[in-house]
2 protein chains.
Amino acid sequence: MARSLGRIVSGFRCFGSLPFGNPPLKTQCSGVLFRTTSERTLVHVLPKIFPRKPRDFSLPNSSWGKEMMELYNHYNRLSKEATEGQEDHGEEWTRLPSYNRTLKYATGGAYLSKIIQSKARLFTRNIRDPGAAFEYVLFFRQDKLKCVCIFQAGHLLEGPPGHVHGGAIATMIDTVTGTHASLLSAPVMTANLNVNYRSPIPLGSTVLIESILDKEDGRKMYISCRVTSTDGSKLHTEATALFLSISVSNLLRR
Amino acid sequence: MARSLGRIVSGFRCFGSLPFGNPPLKTQCSGVLFRTTSERTLVHVLPKIFPRKPRDFSLPNSSWGKEMMELYNHYNRLSKEATEGQEDHGEEWTRLPSYNRTLKYATGGAYLSKIIQSKARLFTRNIRDPGAAFEYVLFFRQDKLKCVCIFQAGHLLEGPPGHVHGGAIATMIDTVTGTHASLLSAPVMTANLNVNYRSPIPLGSTVLIESILDKEDGRKMYISCRVTSTDGSKLHTEATALFLSISVSNLLRR
């Protein structure tokens with residue numbers, strides 16, 4: 001249910017409230033456009049309240065191990081090369097920033113106080129201690145047919161002794177496939193997540209999560225996902241996910 | 001992958017290291033029996049290192065809302081009545097304690113230092129702040145055909161704005177069904193988790209998670225699960241899970 005409100009609240013990315021969204025544009029926003037069905041309100045006050053440069057959790061920190069850094073550098077290099085137009089490897093990747101706040105009600109200025117007061121934090125970014133829980137970074141291909149996530153599992157994700165909890169793995173799969181679906185057709189909602197666990201993941205290890213678009217059928221998007229060792233030789237988990245495009249107003253009105 | 005080592009390390013429950021296990025016995029243990037394939041080592045030192053009464057996260061705290069408390073009191077009353085033999089409602093429930101540590105390597109005294117030094121914490125109990133994340137308590141029927149979990153979703157579990165992350169819901173489903181399977185035939189490992197999301201769960205709300213044994217077939221256990229509003233009128237999520245009995249030595253040797 002990594003439902004993304006990406007496109008609806010895409011203007012918010014400047015102050016870092018968006019868990020899943022489109023990649024950052026190279027523009028500065030001094031105000032925020034709230035979009036509702038009936039009104040559009042330009043709010044100039046928010047950038048003063050929220051820091052202009054919130055913490056991007058997808059950037060390297062001291063807890064990242066060698067495998068995590070090597071893979072990050074690999075995809076980041078491809079991403080930069082694509083951006084700078086120096087080379088074309090046929091795989092143009094873009095890093096997705098990741099923040100720990102989402103706007104609770106993106107329906108108008110009247111909800112500003114709720115937004116500011118909200119203690120809500122994105123589940124996968126709710127622990128700030130580097131390396132303790134979910135350390136991950138997502139890259140997506142420009143043609144949007146594929147997403148890849150490098151995930152290092154911290155000691156607070158334990159399920160069976162010394163290994164990652166199945167729920168934490170499902171959480172990462174939902175996050176990666178949900179982000180992927182939101183890039184194709186935001187907003188979306190997870191309708192089904194079918195996870196097959198093949199081999200447990202030791203705590204502290206780094207794995208690769210790859211997401212591929214299988215099929216689009218009207219409002220439905222079928223995405224498959226594999227969790228493997230970083231060299232791809234060991235399959236840990238495989239999954240399929242079904243996402244539905246939704247009317248965001250239904251969710252916000254609840 | 002809420003694989004439980006319940007029966008294998010059942011002796012450990014006295015110092016609270018077991019995330020999923022059999023219900024507590026009314027006995028005191030002054031030592032711990034480490035079981036391996038080749039040796040049994042009685043260790044008397046552990047109770048001095050680990051507190052005899054670690055925090056049981058399944059007991060009420062100040063964050064529990066009215067719905068959570070009412071349901072807890074309901075099942076707790078049935079549980080106590082069954083224990084005291086005063087009444088028989090035909091439904092004899094037992095509350096399951098819940099701790100935030102698991103023994104990383106339960107294979108012998110040589111691993112004591114690793115156990116003590118381990119920073120690993122059970123994923124669903126890794127935040128101590130009451131009410132911030134997963135608040136839940138499990139009860140199971142004495143005939144083990146049914147488990148029920150009362151779950152209050154904290155503000156750190158956010159996915160879509162104002163609602164619980166699909167991964168957090170999957171985590172609770174894995175936890176409840178995995179605990180259920182471990183009561184039937186520990187140790188087990190989740191092989192499949194198939195989750196259908198029907199209606200999002202607002203942050204802060206309390207829901208009921210019910211787990212039912214569908215079928216046993218050799219090493220396989222098929223369990224189904226429903227997440228509903230506390231009065232059962234609204235279906236939020238439904239899921240099926242497949243668990244396999246495993247040889248615990250395979251996991252511990254990894």
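How many residues lie between S8(B) and S9(B) in their hairpin, and which residue in the turn has a positive phi? The legends below begin with that view.

This is a predicted model, in which local features need pLDDT of at least 70, side-chain atom pairs count only at pLDDT 80 or more, and totals for chains, interfaces and linings use all residues. Residues are numbered from 1 along each chain as its sequence is written, chains are lettered from A and ligands numbered from 1 in the order in which they are written, and side-chain values use heavy atoms, with hydrogens and water left out.

**View 1. The hairpin of S8(B) and S9(B).** Here 5 residues sit between the two strands, and B:Gly232 in the turn has a positive phi of about 80°. Strands are DSSP runs of E with at least two residues, helices are runs of H or I with at least four, and both are numbered from the N terminus. S8 (residues 220-229) of chain B pairs with S9(B) in the antiparallel sense over 9 bridges; to count as a pair, two strands need at least two bridges found by DSSP. Look for B:Cys225, which stands opposite B:Ala239 in S9(B).

**View 2. S9(B) beside S6(B).** Strand S9 (residues 235-245) of chain B also pairs with S6(B), in the antiparallel sense and over 9 bridges. Here you can find B:Asn196 opposite B:Glu238 in S9(B).

**View 3. S6 of chain A meets S6(B).** Strand S6 (residues 188-197) of chain A and S6(B) are antiparallel partners over 5 bridges. A:Asn194 stands opposite B:Asn194.

**View 4. The interface of chain B and chain A.** In this view, 51 residues of chain B are in contact (heavy atoms within 4.5 Å) with 50 residues of chain A. Helix H4 (166-185) and strand S6 (188-197) of chain B are the elements giving two or more residues to the side that touches chain A. S6(B) gives the most, with 9 residues.

**View 5. A:Tyr99 in its loop.** A:Tyr99 is found between strand S3 (93-96) and helix H3 (112-117) of chain A. With a relative accessible area of 13%, A:Tyr99 is buried (under 20%; exposed is over 50% and partly exposed in between, with a 1.4 Å probe and protein chains only). A:Ser58 is 41 residues from A:Tyr99 in sequence, and their C-alpha atoms are 8.0 Å apart in space.
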